[in-house]
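Here is a short tour of one structure, with a stop at a single residue and another at a sheet. Keep the 3D view open as you read.

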Amino acid sequence: MPYIRSTFSVSQPQPHRRPGKPHRRPKKDPVRILAFEALRAVDERDAYANLVLPPLLRKAREGGEFDARDAALATELVYGSLRRQGTYDAILAQCVDRPLREVDPPVLDVLTLGAHQLLGTRIPTHAAVSASVELARVVLGDGRAKFVNAVLRKVAADDLDGWLARIAPDYDEDPEDHLGLVHAHPRWIVSALWDALGGGRAGIEDLLEADNERPEVTLVARPGRATAEELLAAAGERGALPGRWSPYAVRLAEGGEPGALDAVREGRAGVQDEGSQLVALALANAPVEGPDRAWLDGCAGPGGKAALLAALAAGRGAALLASEKQPHRARLVARALEGNPGPYAVITADGTRPAWRPGSFDRVLMDVPCTGLGALRRRPEARWRRRPEDLDGFAPLQRELLRQALAAVRVGGVVGYATCSPHPAETRAVVEDVIKGRGGPAVAVEWVDARPLMPGVPALGDGPDVQLWPHLHGTDAMYLALLRRTG
């Protein structure tokens with residue numbers, strides 16, 4: 001398993017000048033400088049690339065420094081370096097004459113960017129090394145630039161397949177470690193995903209590869225406010241395609257800025273993974289006994305599911321209460337719901353300490369905080385941050401949130417327990433513990449088969465709960481269990 005990179009900074013040294021030799025100023029490369037700045041933010045502030053990179057790109061475009069090709073290259077350098085960080089660390093460790101943990105983090109970021117250019121892109125070797133050395137001269141100084149040059153020339157001695165043949169154990173001897181190095185996932189995550197997925201080598205390799213592919217941008221047309229046909233027409237020149245499963249989804253196959261579309265700017269549509277849409281739709285369409293007037297999203301931030309649920313509720317004359325514990329995320333929820341035609345409210349409240357009376361709702365969604373192992377395509381750095389012990393940290397919260405969701409729903413109403421993780425400890429184990437009374441009172445419920453509520457979606461498993469997969473469904477690995485309160 002790769003070690004955790006430390007997060008201290010180094011001051012930029014003054015270049016050493018030889019007597020009588022004129023000093024050449026390093027060439028500034030805006031694309032690689034921006035990529036370096038993004039990696040530094042991820043390392044130093046525990047930031048996420050998908051939050052750090054867009055404003056940096058926007059500023060560069062507005063300043064006239066970047067065109068579309070520059071933005072695409074910067075994005076590839078950042079995401080590619082983060083996705084394969086563990087593999088690149090293992091390769092760099094073979095090329096450095098000291099333990100990798102003794103290399104200053106900013107130097108290591110430059111080396112990782114260089115390794116990705118050499119091993120993960122079609123940039124010519126000489127250009128990749130030269131550009132990385134120039135970047136080092138700008139952000140680190142001449143002394144460290146020489147070190148970067150020496151290390152990257154060793155990296156360039158082989159291609160990625162050659163390096164993997166040297167550093168990865170044979171599959172038959174250690175399959176998890178082999179797959180972890182080849183597909184750039186920590187060993188414990190490989191093991192956990194394999195347990196959740198089941199099956200042989202082909203399936204887990206397909207899943208790990210899907211985690212390393214950049215996901216399409218997917219939009220949702222909020223019912224009653226926009227249609228998928230409107231979005232397809234507006235984004236036609238970007239290669240827009242209908243969603244695979246959700247009737248409200250549109251995929252931007254060629255990427256682009258969603259905010260350029262009127263419907264997105266006006267809040268009538270939004271960016272939302274299709275798996276997230278399917279979870280909200282399944283809860284909304286699950287049969288309930290009796291009235292259907294009051295819905296709750298108990299962990300609503302940042303607001304994607306809440307906005308879709310609010311639009312669906314409005315079409316049926318129902319009202320949505322969206323609750324979020326963190327104030328800044330509650331503000332994002334309020335922004336996402338702004339303009340919804342039906343009744344709704346957004347509150348800042350802790351779902352484990354309900355601000356509502358028991359039995360108040362007909363439908364409740366509890367999309368609980370989790371390790372996020374189902375969204376590694378979107379947050380590639382998360383795979384290197386998470387540790388097995390994180391599961392123990394989330395477990396009590398997940399169980400208590402589900403208990404409170406079941407208390408919030410009336411008899412005959414339905415609760416949806418959702419999480420963006422396929423890890424068994426965060427999915428069915430949580431549901432079974434709660435309904436069987438492990439750690440709390442038992443709850444009288446019946447499982448609702450979620451599979452028919454995702455019509456047309458294949459490979460949903462044996463039920464009654466559902467696990468989506470990137471390699472099978474093109475979505476994040478969302479989990480959903482639907483429970484009807486019976487007593």
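Contact here means heavy atoms within 4.5 Å, and an angle between two elements is taken between their N-to-C directions, on a scale from 0 to 180 degrees. With that in hand, please remember that this is a predicted model. Helix H14, residues 274-285, lies across strands E1 and E3 and runs at about 30 degrees to E1.

- Four strands make up an open sheet, and their order is E2-E3-E1-E4 with antiparallel pairing.
- At the edges you will find strand E2 (240-242) and strand E4 (269-271), each of which pairs on one side only.
- From one strand to the next, the twist averages 30 degrees.

**Strands E1 and E3**
- Strand E1 (residues 217-221) pairs with strand E3 (residues 249-252) over four bridges, in the antiparallel sense.

**Val-129 in helix H6**
- Val-129 sits in helix H6, which covers residues 125-139.
- Val-129 counts as buried because its relative accessibility is 5%, and the cut-off for buried is under 20%.
- Leaving aside residues up to four places away in sequence, Val-129 touches Leu-118, Asn-149, Leu-152 and Arg-153.
- Leu-111 is 18 residues from Val-129 along the chain, and their C-alpha atoms are separated by 9.7 Å.

Methods. Residues are numbered from 1 along each chain as its sequence is written. This is a predicted model: local features need pLDDT of at least 70, side-chain atom pairs count only at pLDDT 80 or more; totals for chains, interfaces and linings use all residues. Side-chain values use heavy atoms; hydrogens and water are left out. Helices (H or I, at least four residues) and strands (E, at least two) are DSSP runs, numbered from the N terminus. Buried means under 20% relative accessible area, exposed over 50%, partly exposed in between (1.4 Å probe, protein chains only). Two strands pair if DSSP finds at least two bridges between them.
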